[in-house]
Protein chains: 2
Amino acid sequence: MTRLLIVGGSDAGISAGLRARELAPEVEVTLVVGDAYPNYSVCGIPYYLGEEVPDWRSLAHRTRDELEAAGLELLLEHTARRLDPSARRLAVSGPSGADGTLAYDVLVVATGARPVQPPIAGLDALGPGEGVHLVHTMDDALAIAATLSEGAVEEVLIVGAGFIGIEMAEAFVHRGLGVTLVEALPEVLPTVDADLGRLVRDVLEAHHIDVITTTKVTEIRRSGTTLVIHGTGGLERRAQLVLIATGVRPDTELAARAGATLGAGGAIAVDRRMRTNLPNVFGAGDCVETYHRILDTTTYLPLGTTAHKQGRIAGENAVGGDRCFAGSVGTQVVRVFDTVVARTGLRAVEAEAAGWHPLTSASTLDDHKAYYPGARTIEVRITGDVPTGRLLGLQMLGNLATGVAKRIDTAAAALHHRMNVGDLSDLDLSYTPPLGSPWDAMQSAAQQWQRASTSHGS
Amino acid sequence: MTRLLIVGGSDAGISAGLRARELAPEVEVTLVVGDAYPNYSVCGIPYYLGEEVPDWRSLAHRTRDELEAAGLELLLEHTARRLDPSARRLAVSGPSGADGTLAYDVLVVATGARPVQPPIAGLDALGPGEGVHLVHTMDDALAIAATLSEGAVEEVLIVGAGFIGIEMAEAFVHRGLGVTLVEALPEVLPTVDADLGRLVRDVLEAHHIDVITTTKVTEIRRSGTTLVIHGTGGLERRAQLVLIATGVRPDTELAARAGATLGAGGAIAVDRRMRTNLPNVFGAGDCVETYHRILDTTTYLPLGTTAHKQGRIAGENAVGGDRCFAGSVGTQVVRVFDTVVARTGLRAVEAEAAGWHPLTSASTLDDHKAYYPGARTIEVRITGDVPTGRLLGLQMLGNLATGVAKRIDTAAAALHHRMNVGDLSDLDLSYTPPLGSPWDAMQSAAQQWQRASTSHGS
């Protein structure tokens, strides 16, 4: 009997445990979970707080009973204190503060990430009790819900207009609150090109969100029941709730203190079999670096989909498998009201930094044959390497009805296989007039890129 | 100056001409078009006849002016009579019956297909004037419209429940007509597995279409203003309009008489550069055989998407290019009211005939996280080869909102790259709770296939 110990009860940890049990039902799998919410969909928090999902309990991918029925032993509200890889022991403390030590044969570190605290004066002194929140865990979500339920919140200010900041802005609008969104960079959703970011900003503003870019929040102070927020460029706002959504950093403390090498973005270094440098210790999810298939190097790109994949591989290899992580191509999607924005692969600025000679071409294409009622346009941005023609990335924006989220998946599959832009037209994609065109929008955009690339090169 | 002559003005012919002019603007491109409707979307005919598309003229992918502006010379209502490859001449007759001969340097045969006439007694004597129709050309469409506009049609009977028969059934329902759909095989839409066909049949019946399977129409007679239809199993129906939708065969007469070798399905044999055996004669579209990328052999699989691809390659190679057709993977999609059915690759029965040892697993999966409102199920059927694990095909059925048409494209891209079922979980597909799951439905289905395959093999 082997004992697999997993530190972390979110996507990566649970995936590792389930996969290990699937392949080796005789293995004893124990998960050390920091909070009381194993296997929760933290990506679903904005929809709970926006009251689209009425009960936070439904955010659980699986219930505790289901996890236990699958053979996972859960130590909830336990904190991993010290990892000793040479002795194969993990010191933990439980909810009552009682300490203990767990022996293991193989361990998976899946400690996730922690929110970045931006350098804002006054922030250290303010917590959920004062209306200043993070949104990273179920505890954070319940704290926001508690603040909102007090009924005094009319205005919300969000620091950071990335995926989470934008999703939360929409959630607060759903609740009828006034929302200000402050972003340090020149455009919202900086993970896509600024011209697409501009279209997202238009959507946010159409829903009465006050979007302020190129502005850093510098100070937050409490004044009676109100928070007073100051920032660069003379920003001054008042709000009853402030949300900090400025990204995450890997939670590496446990592993680093045990001697784990850190890699890209300060995350735990792992090979493609998800092995750390520590003997019998694997790592997966937001605490480890991610092999990027297009860059062919590691990067820090914490995403739930990647955590599931890495966890599954760590779990398989922990019980004697030999599977490699195929790599991320950086696929991301967000729904902003009725608009969907998606990307996969690299943008020109990222590709250029990696040594390519990229060209991005912009196309506006119908989602289906225009003669059939209801056709809408999709914005497509294709980035390719001019000398080689290699496809490097694709960005899309369109109405919910245009299928952008699934169209980007076809591009992700093409990137996975390192296709050239010109070869996208070879793909045998589906067509019926109400749902597409004989040349799919991506293929038409690829043909436009080829023409632009030819004139660019000449 | 080279003269490129193209016989045919539909998808393949137009694509060939446009691509040739794009690459070699000095080439003179002339298209011999049998009717007055070059570059029409014949796939759109059901939506025009169903009155979702008000004006049939909008079915043109491009107007005649646009085609001429792109440098294509059009000889409309001209019939190609005789091809002489040794002299590089094509005899044609025009609308007034006047004969002529055209010289060429390179020729592309894109003569398309013709409807199959099933062996039904009385059929030869009945035409559009008597209410018996085909639906293959714009002339056919306008003839049906004329019959319907006479106002006497209350009941329609359709012979054949493939894609076209089903789309036309829906069109007639949209017009408030009573519809009977007769299929010789045991289930409708025989291009997908019968269990999915059964679900399509449920949709049709829910819209009051009388679906009759395992039944052959044997006789059609006119009785006054009514057509009397008899079939096997005692079938007897009356209708004012009968539509024959029993498939097509390649139109090879011109090329065959000139010495072209015929191949799969009796279609004109071509290599992957779209060359026929005749010197300086290329072929593309519904008149030629299609290289199937999974079967690694040629087949007859006439589809608009394939015609566009083959035409583009023929046009490129006709002006000195050297591009190969990458092959079809057999991707098809149809919308049936609010349901979408799609397939790509091979079904088990087809794979078995080709020497594989296929297993098809059936999964019913949510289109997005169930906690977010509006989740709907998708039926997924994955077919893989048990000994090698190779992905052979995928079928899906779901509501319009589930994105099935674009999801099948990701599977088509995976098939294009000859992936294994087990490797589908490596694809970095997009995820946000309102639109997907951390493991995409296809990936969850693939993991289910792997489990089924393991127990199948043991």
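## Aromatic pairs

Y40(B) and W56(B) are both buried (under 20% relative accessible area, with a 1.4 Å probe and protein chains only). The model is predicted; local features need pLDDT of at least 70, side-chain atom pairs count only at pLDDT 80 or more, and totals for chains, interfaces and linings use all residues. Residues are numbered from 1 along each chain as its sequence is written, chains are lettered from A in the order in which they are written, and side-chain values use heavy atoms, without hydrogens and water.

Over all chains, eight aromatic pairs are counted, a pair being rings of Phe, Tyr and Trp (its six-membered ring) with centres within 6.5 Å. In chain A, ring pairs join Y37(A), Y40(A) and W56(A) into a cluster.

## Interface of chain A and chain B

Chain A and chain B each give 63 residues to the contact (heavy atoms within 4.5 Å). About 5800 Å² is buried between chain A and chain B, with 57% from carbon and sulfur atoms; this is the accessible area (1.4 Å probe) that the two parts lose on being put together, summed over both. Y371(A), K406(A) and D428(A) supply 14% of the area that chain A buries against chain B, more than any other three residues.

## Salt bridges

Six salt bridges cross the interface of chain A and chain B, each a side-chain nitrogen of Lys or Arg within 4 Å of a carboxyl oxygen of Asp or Glu. A salt bridge joins E22(A) to R451(B) at 3.0 Å, N to O.

Methods:
Phe/Tyr/Trp six-rings, centres within 6.5 Å; stacked < 30°, edge-to-face > 60°. Buried < 20%, exposed > 50% of the residue type's maximum accessible area, 1.4 Å probe, protein only.
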